[in-house]
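Have the sequence and the 3D view open as you read.

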Amino acid sequence: QEGGVDCEQRNTDEPRQQKVTVAGFSMGKYEGTFEEWDACVADKGCQHWPDDEGFGRGKRPVINVSWNHIQEYLRWLNARTGKTYRLPTSIEWEYAARAGTTTRFSTGDCLTTRQANINGKIDYYCKGNTPETTNPAVHRNQTLPVGSFPPNSWGLYDMHGNVAEILADCPFYTQKDAAGTCEEYAYRGGDWWIYSDRARSHFRSAMQPQEYNKTSG
């Protein structure tokens, strides 16, 4: 199911809820890390050396990589492993992020800084809870190593917050051109910079294939 029941806060540019059929697929339980990307660079499979913004590399999620850069990494990974890795589609991502839930987040209708790496200075959905529950003043202002918070019920980590995940397909409002390229590609999940509204399971945004920044990977 794409969309769930969080229509009260759904933005006007988000598609209407609809039922979909999702074919079976497997997904890595962690966001891609600098350790993995740097291995590609060392093996000369990737030319782009992403800046870690001083946050650190290793097990932290890779940032400052574009959709185009990720295609280069995937070609290297598939050649090295003999398997077929790819980015998930937007529908696959939401299905995995929800993990069977129909609430705003896989954690329910509230997401706190004890559950995800988000900007807790704006207490968007946790109204009625005490500051001790929501930790509203916490803003770590950087990425954290993958797996720093509990996974959702399907064992997937950081589906909300830390870095936004770049996906395989166009946003719902954009079609592919004659060459099969999207003008923009969807990214979802929210990041360390934003408040919880933009980490909702149904929220989505987009970037051009050559774009990259310090909040997505």
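Keep in mind that the model is predicted. The partner of Cys182 is Cys170, and a disulfide joins the two. Cys170 has 13% relative accessibility and therefore also counts as buried, since the cut-off for buried is under 20%.

How many disulfides does the count come to? The count comes to two. The other one links Cys40 with Cys46, and both of these cysteines are buried. Here are the pairs with their sulfur distances:

| Disulfide | S to S distance |
|---|---|
| Cys40 and Cys46 | 2.0 Å |
| Cys170 and Cys182 | 1.8 Å |

What about handedness? The torsion about the S-S bond of Cys40 and Cys46 is about 90 degrees, so that disulfide is right-handed. The link of Cys170 and Cys182, with -75 degrees about its S-S bond, is left-handed. Cys170 and Cys182 each lie in the loop between β1 and β2, so their bond ties together parts that are 12 residues apart in sequence.

Strand β2 covers residues 185–188 and pairs with β1 in the antiparallel sense over two bridges. Which residue stands opposite Tyr187 of β2? It is Ile166.

Technical notes
Residues numbered from 1 in each chain as written. Predicted model: local features only at pLDDT ≥ 70, side-chain atom pairs only at ≥ 80, totals over all residues. Heavy atoms only, no water. Pairing = 2+ DSSP bridges. Helix = DSSP H or I, 4+ residues; strand = E, 2+ residues; numbered from the N terminus. Disulfide = S-S within 2.5 Å. Buried < 20%, exposed > 50% of the residue type's maximum accessible area, 1.4 Å probe, protein only.
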